[in-house]
Amino acid sequence: MRCVLVGPPGAGKGTQAQFLAAHYSIPHISTGDIFRANLKAGTELGIQAKGFMDRGELVPDSVTNDMVKDRLTHDDAVNGFLLDGFPRNVAQAEVLRSILADKKTPLHAVLEFSLPDEDIIARLLQRAEIEKREDDKEDVIKRRLEVYAEQTAPIISFYRNEGLLISISAVGTIEEITANAIAALSRVAQ
Ligand code: AMP
C-alpha cells in the first residue's frame, strides 16, 4: 500500500497513520517527525528547518524533497508506505509523482481527512496542552492554518484530478475513523 494522508493540522493524521501503518505493516513516514528528530539531534537538517517550523512556514522544497526521496529508498519502504505531512504543496506532489514514476511504483491512494474549521483550532489547542509542541502556540497555529489553506489544500484537487483521492470524515472516535479508513483503502489496494 502506497498512500499519502492529507488533511488540516489537527485532523488526526498522525494518530491514524500509526494505526494504519501497523495494520498494513508499512512505515509511517512523517516529514514533521523527521524534522523534529533532526532538530532534537541538532543536525544540519534540523538547523535548516528550525526557523521555518517555529514560524509555521513550510521548510523549503529543496530541503524537504531530498529528505523524502532519501527516506523512500530505505528497505522498510519496499512494500509500501504511508506518507504523512508530505506533499504539502503542488510542487512537492509533482516531485513525489516523478520519484515514484521512476521506480514504477505509483501511489494507490490519497486519503483525505476532512474536519470542520471550528474543530481544527480546538483540537490543536488541546494537542498543545498534551504534547507541548513548540509550533502549537496560538499565533503559529493560525499561520499553519493559513499555509494549509493557501499551499496544501490545492493538492486535494491535484489528486482528485489524478483519480487518487478518497475523502473520509475526521470526526468520530479514533477506532471508527481507522475502520472507515481501512474500508476505504481496501477498495483500492491490499
Ligand atoms: P507536521 O508535524 O506535519 O505538522 O509538520 C510540522 C512542521 O514541519 C510544519 O509546520 C513545517 O514547518 C514542517 N514540515 C513538515 N512537513 C513539511 C513539508 N512536506 N514541506 C515543508 N515543511 C514541512
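Terms and values

Analyst: To begin with charge, the mean positions of the 22 positive and 28 negative charges of the chain are 3 Å apart, where Lys and Arg count as positive and Asp and Glu as negative, with His and the chain ends not counted, and where the place of a charge is NZ of Lys, CZ of Arg, CG of Asp or CD of Glu. The model is predicted, so local features need pLDDT of at least 70 and side-chain atom pairs count only at pLDDT 80 or more, while totals for chains, interfaces and linings use all residues. Residues are numbered from 1 along each chain as its sequence is written, and side-chain values use heavy atoms, with hydrogens and water left out.

User: What makes the chain as compact as a globular protein of its length?

Analyst: The chain, with 9 helices and 5 strands (DSSP runs of H or I with at least four residues, and of E with at least two, numbered from the N terminus), has a radius of gyration of 16 Å, close to the 16 Å that the globule rule gives for 190 residues, so the description holds. The radius is taken over C-alpha atoms, and the rule is 2.2 Å times the number of residues to the power 0.38.

User: Why is isoleucine 29 called buried?

Analyst: Buried means under 20% relative accessible area, exposed over 50%, and partly exposed in between, with a 1.4 Å probe and protein chains only; isoleucine 29 has a relative accessible area of 2% and is therefore buried. Isoleucine 29 is found in strand S2 (residues 28-30), and, leaving aside neighbours within four places in sequence, its contacts (heavy atoms within 4.5 Å) include Ile34, Leu72 and Phe81. Across the whole chain, 47% of the 190 residues count as buried.

User: Which residues touch the most other members of the largest nonpolar core?

Analyst: A nonpolar core is a set of buried Ala, Val, Leu, Ile, Met, Phe, Trp, Tyr and Cys residues joined through side-chain atoms within 4.5 Å; in the largest, of 26 residues, Leu5, Leu111, Phe113 and Leu185 touch the most other members. Among the elements that each supply at least two residues of this core are strand S1 (2-6), strand S4 (109-114) and helix H9 (174-186). Apart from this core lies another, of 21 residues, including Ala93 and Leu164.
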